Amino acid sequence: MKKVALIGYGAIAKIAIQKIYEHDKRNEIKIVGVLVRKNRLKESKKALKQTIPVVTKIEELIKLSPNVIAECAGQDAVSEYGAAVLASGINFIIISTGALADNRLRNELSSICKKNGAHMLIPSGAIAGLDGLESLRIGGLTSVRYTSTKPPLAWKGTPADSDFDLTKINKKTILYTGPAREAAQIFPKNANLAATVALAGLGMEKTQIELVADPEVAPNNVGAISAEGAFGSLKVECRGLPAPDNPKTSATTALSLAEAILKDTRTIII
């Protein structure tokens with residue numbers, strides 16, 4: 001029995017839990033607990049109808065003895081809880097990978113992993129092709145660009161909201177270009193994939209990011225990787241609908257979390 005706990009109970013967690021239950025045909029996975037902020041406790045307990053324990057402290061979540069804890073609560077949750085999870089020897093699935101753009105945090109968590117035999121696990125999120133990108137990296141990558149294109153209002157509440165009048169954008173508009181580290185830190189709710197692609201490819205400084213507002217892609221969020229290497233090139237694009245409760249996040253991010261949890265219950269793992 002694989003025991004799973006979640007940090008956060010928002011749009012991503014809700015979809016992931018639903019899909020895990022839907023596809024765990026042999027009942028090999030048990031969701032043992034969910035961690036939420038105190039101000040979300042009553043609401044989350046009511047939504048889960050006491051089917052899953054809800055706690056407010058990471059120590060309480062760890063005491064439930066999960067094999068893996070999945071973060072789906074934002075970059076702050078990675079920095080706040082990551083060390084405690086990994087120090088307990090529990091694998092940590094990270095959705096908000098932009099937190100790892102911070103070298104100090106990434107190095108600290110990596111060191112804890114080595115001491116305690118734990119791993120940070122990164123789902124593909126709302127993109128495909130990371131396996132191919134990693135293969136090209138082994139052969140020698142020369143360039144990697146990740147482009148995230150979303151409807152203008154999906155960028156509301158980000159730094160782009162102050163630099164552009166998002167309500168008046170009626171054509172493709174580039175909001176940001178630059179290295180992955182900066183993109184992940186400036187746009188913490190929109191550009192976690194910038195960090196994921198960087199970790200799979202050329203790193204935080206050499207991976208180039210382009211963030212785009214385009215009304216023509218609605219209702220989809222679109223992610224694209226373009227990479228060149230000594231042994232070939234890679235071009236991949238994914239179009240996904242946003243999560244129902246959060247237009248900044250693609251629903252496929254939640255699906256990738258569910259798949260990451262379900263994967264090692266299978267006899268054939270791809």
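**Exercise 1. Describe how helix α6 and helix α9 meet, and classify the residues in their contact.**

Solution. Step 1: locate the elements. Helix α6 covers residues 130-139 and helix α9 covers residues 192-200; helices (H or I, at least four residues) and strands (E, at least two) are DSSP runs, numbered from the N terminus.

Step 1: state the geometry. The two axes come within 8 Å and cross at roughly 35°. Axes are lines fitted to C-alpha atoms, for helices over the stretch in contact, and angles run from 0 to 180 degrees between N-to-C directions.

Step 2: list the residues. Leu130, Leu133, Glu134 and Arg137 of α6 meet Thr196, Val197, Leu199 and Ala200 of α9, where contact means heavy atoms within 4.5 Å.

Step 3: sort them by class. The contact of α6 with α9 has 5 nonpolar, 1 polar and 2 charged residues. Ala, Val, Leu, Ile, Met, Phe, Trp, Tyr, Cys and Pro count as nonpolar, Asp, Glu, Lys and Arg as charged, and the others, Gly among them, as polar.

The structure is a predicted model, in which local features need pLDDT of at least 70, side-chain atom pairs count only at pLDDT 80 or more, and totals for chains, interfaces and linings use all residues. Residues are numbered from 1 along each chain as its sequence is written, and side-chain values use heavy atoms, with hydrogens and water left out.

**Exercise 2. Determine the relative orientation of α1 and α10, and describe their contact.**

Solution. Step 1: read the geometry. Helix α1 (residues 11-23) and helix α10 (residues 251-263) pack at an angle of about 45°, with their axes 8 Å apart.

Step 1: apply the classes. Angles under 35 degrees count as roughly parallel, over 145 as roughly antiparallel, 65 to 115 as roughly perpendicular and the rest as oblique. The helices α1 and α10 are therefore oblique to each other.

Step 2: The crossing of α1 and α10 is right-handed; a crossing is left-handed if the near helix is turned anticlockwise from the far one by less than a right angle, and right-handed if clockwise.

Step 3: name the contact. On the α1 side it includes Ile12, Ala16 and Ile20, and on the α10 side it includes Ala254, Leu257 and Ile261. By class, this contact of α1 with α10 has 11 nonpolar, 2 polar and 1 charged residues.

**Exercise 3. Is Leu257 buried or exposed, and which residues does Leu257 touch?**

Solution. Step 1: Leu257 is found in helix α10.

Step 1: Leu257 has a relative accessible area of 0% and is therefore buried. Buried means under 20% relative accessible area, exposed over 50%, partly exposed in between (1.4 Å probe, protein chains only).

Step 2: not counting residues up to four places away in sequence, Leu257 touches Ile12, Ala16, Ala70, Cys72, Ile93, Ile95 and Pro123.

Step 3: Leu257 and Ile20 are 237 residues apart along the chain, and their C-alpha atoms are separated by 9.2 Å.

**Exercise 4. Examine the backbone at Lys49, Gln50 and Pro219.**

Solution. Most residues other than glycine have a negative phi, and most peptide bonds are trans.

Step 1: Lys49 has a positive phi of about 50° although it is not a glycine. Lys49 lies in the loop between α2 (41-48) and β3 (54-55), and at 68% relative accessible area Lys49 is exposed.

Step 2: Gln50, in the loop between α2 and β3, is not a glycine but has a positive phi of about 65°. With 77% relative accessibility, Gln50 counts as exposed.

Step 3: a cis peptide bond joins Ala218 and Pro219, with omega about 5°. Pro219 lies in the loop between β9 (207-213) and β10 (221-229).

**Exercise 5. Is Glu210 buried or exposed, and what does Glu210 touch?**

Solution. Step 1: Glu210 is found in strand β9.

Step 1: at 15% relative accessibility, Glu210 counts as buried.

Step 2: leaving out residues up to four places away in sequence, the contacts of Glu210 include Arg145, Tyr146 and Tyr176.
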